[in-house]
Amino acid sequence: MTTEIDPFQLYGTRELEAPPVRLTAGRLTADFKDGNLRSICYDGAEVLRAVSYLVRDRDWGTYASVIEDLQIDQGDNAFFVSYLARCSGPENTELAIDVQIRAEGGEGLTFEAEALSATGFETNRCGFCILHPIVGVAGMPVSVEHVDGSRENTHFPDLIEPWQPFKDMRAVTHGVTSNVTAECRMEGDTFEMEDQRNWSDASYKTYVRPLALPWPYRIPAGEPMRQRIVLSIGDMRRATAAPAMVADRRPIELSLGETSGIMPAIGLVITPQEAEATLAARDRLAEIAPQELLFHFDPDAGHGIDVLKSFMAIAALHTGQSTLEIALPCRKAPLAETQQIATLMHDAGFKPDAIMISPSVDRQSTPPGSKWPECPPLEEVYAAAHAAFPDVRIGGGMLSYFTELNRKRVPAGTLDFITHCTNPIVHAADDLSVMQTLEALPFITRSVRAIYGDKPYRIGPSTIPMRQNPYGSRTMDNPHGGRIAMANTDPRHNARFGEAFALGYAVRVLDAGLECLTLSALTGPFGLIAGEKEPSTPGTTRPLFNVISTLSRLAGGQWQECLSSDQTSVLAFITVKAGAARQLHLVNITPASQQIQLGRFRLLEQPGNTRLTLDAYSTASATLMD
């Protein structure tokens, strides 16, 4: 990481993640961090994204275990790791996990754990989680051995599977390169795989204990639970000495791609809680000039005519379009409820250009094997919306995430647009995992297009903090500004990390042909402006303000694909508006500075310069010479 940059500017907190310990065994490398393995590679090619032993609470939050007696032995051609992890649960319950990890060059890798509770321990899941990468793996051949010994030769899903693609698993074998295969064998329980791209995770996840079994469940006192993961590499090349691991610091090269399209409109979400602050920040709103304001309305949360009046006041300041997203209670007939809301809107003088409507219960996830909640047919909900709001565009989809849209595919025939959100901290909240979720976005948008064709398509609000939790009873409070999964605030949203994430997000969804993209609010924990309780001066803009303003300015213009030779580090695209020169836009999504080889591109301001340097989590725009 660039040492001269204040970590607070990068992350919104001075608390840094501990760097991983690089382990090597011949051609095999792995990063050990927080008791688990990340970035398991063979000859530099990623084999597995992670192997972790996780314990989940009843809200699917991950227990932060305390690691004791950690021992790491790195030999010339092997490594060994051991430790004891302790979890503390409600009512003074405890769980201890004894772990051993070992690997030897040419012999593969073993990760084994024994969990034991003296008190009994409640959990939604306890055991191993294995992540396969998606880039270069999606749609490729895979062989699955089941617990009964049968073998299934098939493919990893290309389009995102709503349910588990593979169940009753004992081992999974896939190609790493043309001459290298990897078998991951899971022992001690029955495993199954889910397509984590549903949640914008960049992985296929194989996990222990089938979801069809009840949860939460209790680990009995005094009964040890043993599990083991064995990773074996098959290398069909002629044996040669293992290469020296040298960091590749060649400049990243840019080239012009073949894809082009129109930049989407940019939206801001406005909640009732932030209406007053948004009105007070009207000058900033005018400065950004978003094309869309997305107003949130939830009668079950007590939203009524006063909320709609405040929305009307904000809309009056706005020169663009507006949408009201309605979480319909569905306690009465949909037509009665929508007509009641229409009356309130009329009395408040608020008439948005569009309505996005969804039953309130559909904000909660329905996992595999669970019963769908009681809800009127969506056809009835949409018909009621058309009747109550006859001169307004009606949209549907999910107020939650793509996961729910993929599992409950809405009847879109009468809808004017489809929409959903994403969130990058559903399962993990470390810096690398958050940025890696950008890899999943093209798979999500391609899957939506496969389901809904060329129906107008919107995404958002999609932010690093989680605005609602479909998978538990609540989002997680984060008073100390940590990196916490499912948290309703996140310090990185306020810093350069959040700015880089938002621009990277926009780049990754460009070819989806979105009608609108919403990546923030104006104020509050999802906003562009610092609040009263933040360390920075209240009212000052966060780095994210710059990206949202730029994207709003570019909306409606032409974009052109610009390929990066390392899309895990730098993303780029080119824009042009009528009567203006082309602009190159770049974002570094890593904590290290990156050297960019411009290739055929020449900058108007520096025509002789063939290279650029992008600092950690930085963005840049430059005018190109024709």
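How many aromatic pairs does a search of the whole structure find? The search finds 16, where a pair means rings of Phe, Tyr or Trp (its six-membered ring) with centres within 6.5 Å, called stacked if the planes are under 30 degrees apart, edge-to-face if over 60 and tilted for the rest.

Let me take one of the pairs. Tyr-11 and Tyr-617 pair edge-to-face, with 5.6 Å centre to centre and 75° between the planes. This pair links distant parts of the chain, 606 residues apart: Tyr-11 is in helix α1 (residues 7-11), and Tyr-617 is in the loop between β32 (611-614) and β33 (619-623). Helices (H or I, at least four residues) and strands (E, at least two) are DSSP runs, numbered from the N terminus.

Before I go on, a word on the source. This is a predicted model, in which local features need pLDDT of at least 70 and side-chain atom pairs count only at pLDDT 80 or more, while totals for chains, interfaces and linings use all residues. Residues are numbered from 1 along each chain as its sequence is written, and side-chain values use heavy atoms, with hydrogens and water left out.

Back to the tyrosines. Tyr-11 counts as buried because its relative accessibility is 3%; buried means under 20% relative accessible area, exposed over 50%, and partly exposed in between (1.4 Å probe, protein chains only). Tyr-617 is buried too, at 2%. Ring pairs join Tyr-11, Phe-497 and Tyr-617 into a cluster. Tyr-11 also has the charged end of Arg-483 over its ring, 4.9 Å from the centre. For that, NZ of Lys or CZ of Arg must be within 6 Å of the ring centre and within 35 degrees of the ring normal. Arg-458 does this with Phe-417, at 3.9 Å from the ring centre.

Next, Asp-298. It lies in the loop between β21 (292-297) and α4 (305-315), and it counts as buried because its relative accessibility is 7%. What does its side chain reach at 3.0 Å? The backbone nitrogen of Asp-300. The side chains of Asp-298 and Arg-363 are joined by a polar contact of 3.1 Å. A polar contact is a pair of N or O atoms within 3.5 Å; within protein, one must be able to donate a hydrogen and the other to accept it, and residues adjacent in sequence count only if both atoms are side-chain atoms.

Helix α11 (residues 544-554) is mostly covered, with eight of its 11 residues buried. Among them are Phe-545, Ile-548 and Leu-551. Just after α11, Gly-556 has a positive phi of about 85°.

Now the backbone. The peptide bond between Trp-215 and Pro-216 is cis, with omega about 0°, and Pro-216 lies in the loop between β16 (204-208) and β17 (217-219). Gly-460 to Pro-461 is also cis, with omega near 5°. Asp-43 is not a glycine, yet its phi is positive, about 55°. Asp-43 sits in the loop between β3 (36-42) and β4 (45-56), and it counts as partly exposed because its relative accessibility is 28%. Asp-69, in strand β5, has a positive phi near 55°. Asp-69 is exposed or buried, which? Exposed, because its relative accessibility is 63%.
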